[in-house]
Amino acid sequence: MATALTTETSRTDRSNEREVITASSTIGTAGTTGTIGGTQGAHDQGTMPTHTRTKSAVNSAANSAANSAASSAADELAQLLFEGADRERVHGAWRRLLSGKEFTYRPGLAPDERAALSYDRLRLLNSAAGDPAELTTDPHRLAGLHEWTGPVDGGLTTLASIHYNLFLGSILDHDGGQFRDLSRFTSLQHTGTFLCTELEHGNDVASMETVAVHDRSTNGFYLNTPNPGAQKFMPNTSLTGGPKTAVVAARLIVDGEDQGTFLFLTPLSDENGHLPGVRVRQLPQRTGTPVDHSLTAFDHVWLPREALLEAEHGRLGTDGTLTSNLGNKRKRLLRSINRVTMGKLCMSAGTLGMSRAALAIAVRYAHSRILAGPRAGERIPLAAHRSHHGRLLHALATGYAMTFLHRSMVNRFALHTEEDRAEVERDVAVAKGWITWQARAITTECRERCGAQGLFPANGLADLPLNIEGGITAEGDNLVIWVKAASEMVFGHQVARTGQVGHVSGRNDGDDRDDGDDRDDGDDRDLTDLTFLRDLLAEVEHLWQGRARTALREGPSGDPVGRWNVTSAAALEMVSAHARLQAADAFLGAAARARDPRSRFLMEGLCRLFLLKQLGEHTGDLLAEGHLTPDHVRALPKAVDTVIGDLAPHMMTLVDAFDLPAEVLSSIPIASGGSIVRTLGEAAEPMTERLAALC
């Protein structure tokens, strides 16, 4: 363990603790609170420097006590991160599964072999899932699956999301699937896939052209792709992984009348290949872990009557009459593909797991990579440098905030009612955009901080940003879903302000947006006050909502596109602030649940760093609106640096809390004190020894 808190802390004795940390710890001795792959603090080729071994021996008793305290803090942080009493049920099976050798990195595989491996792993996952139908209906466990598979196999994460959420979930959401034999799918004799978007209809999926024409003579349907632009793009429908069955979105045509989009259960292939009328062409390799993405078309494929998935939003009578509790085709479409909301939680969960893994790897590498120090003959860890650990700490603060935001969104989704469905679905969409964008930034930062070592996939980082790109686009392009949310929130949303920020020196902006109190206490609030920082972020959201409202009111009349064009920039800033405010609220709620003073200190410090970072780009607006003083703005850089200084000695504790299995970390060279050279095996050892003799 790099260092650990050696005193009980509280908000009132933080300055004393900083003195203790400065006097008693050195940032950078490599290692963790536990033994990773049989090594405690090894670096590069697994050999600890002599001065480090000597210091470790002299201070073994002190280090043991410090490690025990740090381990206790890490344990509580893990409880907070992984849902407390529900931790084993939600995360336990997936974490244990990834500890097996079947999930270690396999070098040298061709793209087709990597895709086939992901299907093999899907079957292993299915064996650990318990009842797959029950898993599909449990948002917490389903999201947890994605968090743990994401870091080790992005292709597996994609396949699992499609099979369990989109395919099985859609069947079970329509009359509960109680009249169907699902054993082929729950046993993975057939892998399920989901065909919705088309080559020319992605974000405008409501305009899809695939049709299912009702045939009165057989009471079945003919599924047809009318033109090349209507080919389904880009489901996993090749023969890789064995037989496939799909849920296909198509327009239901009855007696020549379009009744709207519904889902149809459609066999695609069996042990002998694709079925008659099903045309599949595998697409070129894309970025990220390979998946057998394909173009898929249907040439008048006959489907039996029971292929139609029905529920209250649409039932087809024996006389061909459609009954529905929804009055228009767009609502029927949204109800049919309603699993995309859970899909957003799944996609963001996968990228969340990737970002935490990247942070764990980069922080460990920063402590084991030893550099020349400022004095002759001195060697210090990379983690000693503020320019290095400062960036990682900002990423850690965001990673924690992302995790707590995701937890709150899954909880809200699991408990939503028809009354709050629209608001919950919108917040889930906003969170998905923010989390996946932040995950890309974090994994890119971590890869860069590991230098050339980060470029090798065997070191666990290189594939992550590319896999996250898929999450950014899947289940709705981020920008598109944010634009939709923004259009609803300009007037249909009330910002969660407390009215406690006030205005400094009696100032008041005086416009119609000021519906809080006008207390002159803003200049008395401190930048260490978490409530104050949170309320400032709420003011940022309120400010941009006001600007968006003004722009929309003043936009060119009679020109809807023109009006939105002048509104969208401010509206999207409002959505961004809303996402960050919800993350901050979830973070603050988690910090309040901390019992151990050490973990509370770390949680509050990380939350403070997160909030200060979010407010940095808005200080001009907050100053102009009278919510900050010039002294606040001048003090902000120092406040950030102070928090980083407080947290820097505890980075290892913060990533130990991510609870990655020791087996996973030990299989990654730079996460367990080594370098990529370790993957060369025994053949490299003689050369290594000769080089060492020359040095």
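Where does Pro276 lie? In this predicted model, Pro276 is found in the loop between β8 (273–274) and β9.

**Figure 1. Pro276 in the loop between β8 and β9.** With a relative accessibility of 74%, Pro276 counts as exposed, because the cut-off for that class is over 50%. Along the chain, Pro276 and Asp299 are 23 residues apart, and 8.4 Å separates their C-alpha atoms.

**Figure 2. The open sheet β4-β10-β9.** Three strands make up this sheet, and their pairing is antiparallel. The edges are taken by β4 (232–236) and β9, each with a single partner strand, so one side of each has no neighbour in the sheet. Direction ignored, neighbouring strands are turned by 40° against each other on average. Between β4 and β10, which run antiparallel, there are three bridges. Opposite Lys232 stands Thr296, a residue of β10. Strands of a sheet pair through backbone hydrogen bonds, in either a parallel or an antiparallel sense.

**Figure 3. The hairpin of β5 and β6.** Two residues lie between the strands of this hairpin, and Asp255 in the turn has a positive phi of about 50°. The two strands pair in the antiparallel sense over nine bridges. Ala246 has Thr266 of β6 as its bridge partner. Strand β6 (residues 257–267) is mostly covered, with eight of its 11 residues buried. In a regular strand, side chains alternate between the two faces of the sheet.

**Figure 4. The salt bridge between Lys244 and Asp292.** The side chains meet at 3.0 Å, N to O. This pair links distant parts of the chain, 48 residues apart: Lys244 belongs to strand β5 (residues 244–254), while Asp292 lies in the loop between β9 (278–282) and β10 (293–298). Lys244 and Asp292 are both buried. Over the whole structure, a search finds 40 salt bridges.

**Figure 5. The salt bridge between Glu448 and Arg449.** In this pair the side chains meet at 3.9 Å, N to O. Glu448 counts as partly exposed because its relative accessibility is 41%, which falls between the cut-offs of 20% and 50%.

**Figure 6. The aromatic pair Tyr400 and Phe658.** Nine aromatic pairs are found in a search of the whole structure. In the pair shown, the ring centres are 5.5 Å apart and the planes are at 45°, so the pair is tilted. Tyr400 is part of helix α12 (residues 386–415), and Phe658 lies in the loop between α21 (651–656) and α22 (662–666); the pair thus links distant parts of the chain, 258 residues apart. Both Tyr400 and Phe658 are buried. Ring pairs also link Tyr400 and Phe658 with Phe404 and Phe587 into a cluster.

**Figure 7. The aromatic pair Trp437 and Trp482.** A pair of aromatic rings is described by the distance of the centres and the angle of the planes. Here the centres lie 5.0 Å apart and the planes stand at 85°, so the pair is edge-to-face. The pair links distant parts of the chain, 45 residues apart, with Trp437 in helix α13 (residues 421–449) and Trp482 in helix α15 (residues 478–492). Trp437 has a relative accessible area of 24% and is partly exposed. Trp482, by contrast, counts as buried because its relative accessibility is 6%.

**Figure 8. Arg547 over the ring of Trp544.** The charged end of Arg547 sits over this ring, 4.5 Å from the ring centre.

Definitions and conventions: Residues are numbered from 1 along each chain as its sequence is written. This is a predicted model: local features need pLDDT of at least 70, side-chain atom pairs count only at pLDDT 80 or more; totals for chains, interfaces and linings use all residues. Side-chain values use heavy atoms; hydrogens and water are left out. A salt bridge is a side-chain nitrogen of Lys or Arg within 4 Å of a carboxyl oxygen of Asp or Glu. Helices (H or I, at least four residues) and strands (E, at least two) are DSSP runs, numbered from the N terminus. Buried means under 20% relative accessible area, exposed over 50%, partly exposed in between (1.4 Å probe, protein chains only). Rings of Phe, Tyr and Trp (its six-membered ring) pair if their centres lie within 6.5 Å; planes under 30 degrees apart count as stacked, over 60 as edge-to-face and the rest as tilted. A charge sits over a ring if NZ of Lys or CZ of Arg is within 6 Å of the ring centre and within 35 degrees of the ring normal. Two strands pair if DSSP finds at least two bridges between them. Axes are lines fitted to C-alpha atoms, for helices over the stretch in contact, and angles run from 0 to 180 degrees between N-to-C directions.
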